[in-house]
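Me: I would like to learn how to read the packing of a protein model from its contacts, helices and cores. Could you take me through one case step by step?

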Amino acid sequence: MKLITIEDPVERRLERVQQIQVRLNRNDPERSLTFARGLRSILRLDPDVIMVGEIRDKETAEIAVQASLTGHLVFSTVHANSAFETLQRMQNIGVDPFLMLMSMNLLIAQRLMRRLCLACRKPRTILDVERKIFPAEKIPDVLFDAVGCPKCLRTGYHGRVGIFEFLPIDFSLREAILGKPENIGIAKKAVKKDLKTSAAFLVAEGLSDLNEMERVIGPCK
């Protein structure tokens, strides 16, 4: 299996993966190696899997979509606030909604929350008003707050942990939106385990706290 990436920058070298670094020439832009130019060259190398560091413009987006439609497995990142808003972002870039939906299988949004320091976190009884934040099946009896100790440099946190939101692009969702781009809002209801729910699970398990949850995803109460 041939895996090729184009990244800006290449932060870590991986074995058995061909990695290309984006290079911009400010003195002679025509000689720059952009995401779009690199991706176009990658397709001539008959890859099985392609990873595009970031989709920033229409040209890169359209090449990535065409690569997906011709049988390549394509991974990429898009700057958006949620999985649902990725669809809006791609539309704003100028990608044809039909081709966009036919080329996508799954959208994942990710953010990072600071992990509570296990050496000094402080347990407390959950307040009634805080119970509303958690899903019915995951309401804890005890929450933890950050304190601070020498191990965590008095911050109360040590390391980070991810929260995720999933939006599968399945047949029924494509049918609902194709031909009626104004119906794209339907996709918002198809999100599985949104960022707030994912963050609430971490807080319920004592891995982070409500202050960190609100810092990352906004007011929760």
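Me: Among contacts between residues at least 6 apart in sequence, what share joins residues at least 24 apart?

Reply: In this predicted model, 63% of the contacts between residues at least 6 apart join residues at least 24 apart. The protein has 8 helices and 8 strands, and 39% of its 221 residues count as buried. Its C-alpha atoms fill a box of roughly 60 × 45 × 35 Å, taken along the principal axes.

Me: Which residues have the most contacts inside the largest nonpolar core?

Reply: They are Leu87, Met90 and Leu167, in a core that has 33 residues. At least two residues of this core come from each of strand E1 (3–7), H1, strand E3 (49–52), H2, H3, H4, E5 and helix H6 (171–177). A second, separate core of 17 residues includes Phe134, Leu143, Ala200 and Val203.

Me: How should I read the burial of a helix, and which residues of H3 are buried?

Reply: The general idea is that an α-helix has 3.6 residues a turn, so residues three or four places apart point the same way. In helix H3 (residues 83–93), the buried residues are Ala83, Phe84, Thr86, Leu87, Met90 and Ile93. Their cover includes helix H2 (58–69), helix H4 (97–103), strand E5 (106–116) and strand E8 (157–168). If we leave aside its neighbours within four places in sequence, Leu87 is in contact with Met100, Leu101, Met104, Leu107, Leu167, Ile184 and Ala187. Just after H3, Gly94 takes a positive phi of about 115 degrees.

Me: At what angle do H1 and H2 pack?

Reply: Helix H1 (residues 35–42) and H2 pack at about 20 degrees, with their axes 8 Å apart. Angles under 35 degrees count as roughly parallel, so H1 is roughly parallel to H2. The crossing in which H1 passes H2 is left-handed. On the H1 side the contact is made by Phe35, Ala36, Leu39 and Arg40, and on the H2 side by Glu59, Thr60, Ile63 and Ala64. By class, this contact has 5 nonpolar, 1 polar and 2 charged residues.

Me: At what angle do the axes of H7 and H8 cross?

Reply: The axes of helix H7 (residues 195–204) and helix H8 (residues 210–217) cross at roughly 160 degrees and come within 10 Å. An angle over 145 degrees counts as roughly antiparallel, which means that H7 is roughly antiparallel to H8. The crossing of these two helices, H7 and H8, is right-handed. Leu195, Lys196, Ala199, Ala200 and Val203 of H7 make the contact with Leu210, Met213 and Ile217 of H8. By class, the contact of H7 with H8 has 7 nonpolar, no polar and 1 charged residues.

Me: Is Glu214 buried or partly exposed?

Reply: Glu214, whose place is in helix H8, has a relative accessible area of 30% and is therefore partly exposed. Between Glu214 and Arg40 there are 41 Å in space, C-alpha to C-alpha, and the two are 174 residues apart in sequence.

Me: Is Ser32 buried or exposed?

Reply: Buried means under 20% relative accessible area, and Ser32, at 9% relative accessibility, therefore counts as buried. Ser32 lies in the loop between strand E2 (18–21) and H1. Leaving aside its neighbours within four places in sequence, Ser32 is in contact with Arg23, Leu24, Asn25 and Arg37.

Conventions
Residues numbered from 1 in each chain as written. Predicted model: local features only at pLDDT ≥ 70, side-chain atom pairs only at ≥ 80, totals over all residues. Heavy atoms only, no water. Axes fitted to C-alpha atoms, helices over the stretch in contact; angles between N-to-C directions. Helix = DSSP H or I, 4+ residues; strand = E, 2+ residues; numbered from the N terminus. Parallel < 35°, antiparallel > 145°, perpendicular 65-115°, else oblique. Left-handed = near helix turned anticlockwise from the far one by under 90°. Contact = heavy atoms within 4.5 Å. Nonpolar A, V, L, I, M, F, W, Y, C, P; charged D, E, K, R; others polar. Buried < 20%, exposed > 50% of the residue type's maximum accessible area, 1.4 Å probe, protein only. Core = buried A, V, L, I, M, F, W, Y, C linked by side-chain atoms within 4.5 Å.
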